[in-house]
Amino acid sequence: METNTLFHLVTIFTILLSANANSEGDALYAFRTSVRDPNNILQSWDPTLVDPCTWFHVTCDTHNRVTRLDLGHAKLSGHLVPELGNLRHLQFLELYRNELVGPIPKELGNLKNLISLGLYHNNLTASIPRTLSNLSNIKFLRLNNNKLTGRIPRELTKLKNLKILDLSNNDLCGTFPTYGSFSKFSQQSFRNNPRVTGPELMGFVRYDDIGGRCK
């Protein structure tokens, strides 16, 4: 009886691991199909393999859960996809210095274990998703050198673990907050945003009362 129970538990655990691997593999493959890869960096990303942990540039933990995606300087072009938000155990998402375009998917806010989000030096557009404020473990948020527009979400000030913030060299507008986690960042974090007018003056003019030109 005990042997049968142990066998069933092992079987269930194996099924759960396989389902998790398939889900993460599907998310990564969705990203692969959305980008152009002139150097065949993603050639090993074979959707017929059960375990994406065998793919190059993907790192997993001892439970075969994807924890890192390292694709900096890979010459990838194309779009980020919402499916990346399904990589729930991801700690490092490094896609810097590519030619990615389009918006940052709001679904990246689902990556509660994320420590570093490196999307700098791409051609990303639209606004910074407010959902990034859900990344409670994040320490490094680097979105600099893109074409991001709109206001800096005030929700980001609640990211207590944030140590490095770089939003420079975009087309952001309005003011930037100086409270919460943002109190430790200098104006260097926001430099070269021509439409950013300076720090928010608490107790004077609210950042959202400055007119409708900031979009």
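Reader: Which residues touch the most other members of the largest nonpolar core?

Author: Phe 31, Leu 117 and Leu 143 do, in a core of 48 residues. This is a predicted model, in which local features need pLDDT of at least 70, side-chain atom pairs count only at pLDDT 80 or more, and totals for chains, interfaces and linings use all residues. Residues are numbered from 1 along each chain as its sequence is written, and side-chain values use heavy atoms, with hydrogens and water left out.

Reader: What makes a set of residues a nonpolar core?

Author: Its members are buried Ala, Val, Leu, Ile, Met, Phe, Trp, Tyr and Cys residues joined through side-chain atoms within 4.5 Å. Buried means under 20% relative accessible area, exposed over 50%, and partly exposed in between (1.4 Å probe, protein chains only).

Reader: What makes Cys 53 and Cys 60 a disulfide?

Author: A disulfide is a pair of cysteine sulfur atoms within 2.5 Å. The sulfur atoms of Cys 53 and Cys 60 are 2.0 Å apart, and the pair therefore qualifies. With -95° about the S-S bond, this link is left-handed.

Reader: How far apart are the sulfur atoms of Cys 173 and Cys 214?

Author: They are 1.8 Å apart, and the two residues form a disulfide. This link is right-handed, with 85° about the S-S bond. Both Cys 173 and Cys 214 are buried.
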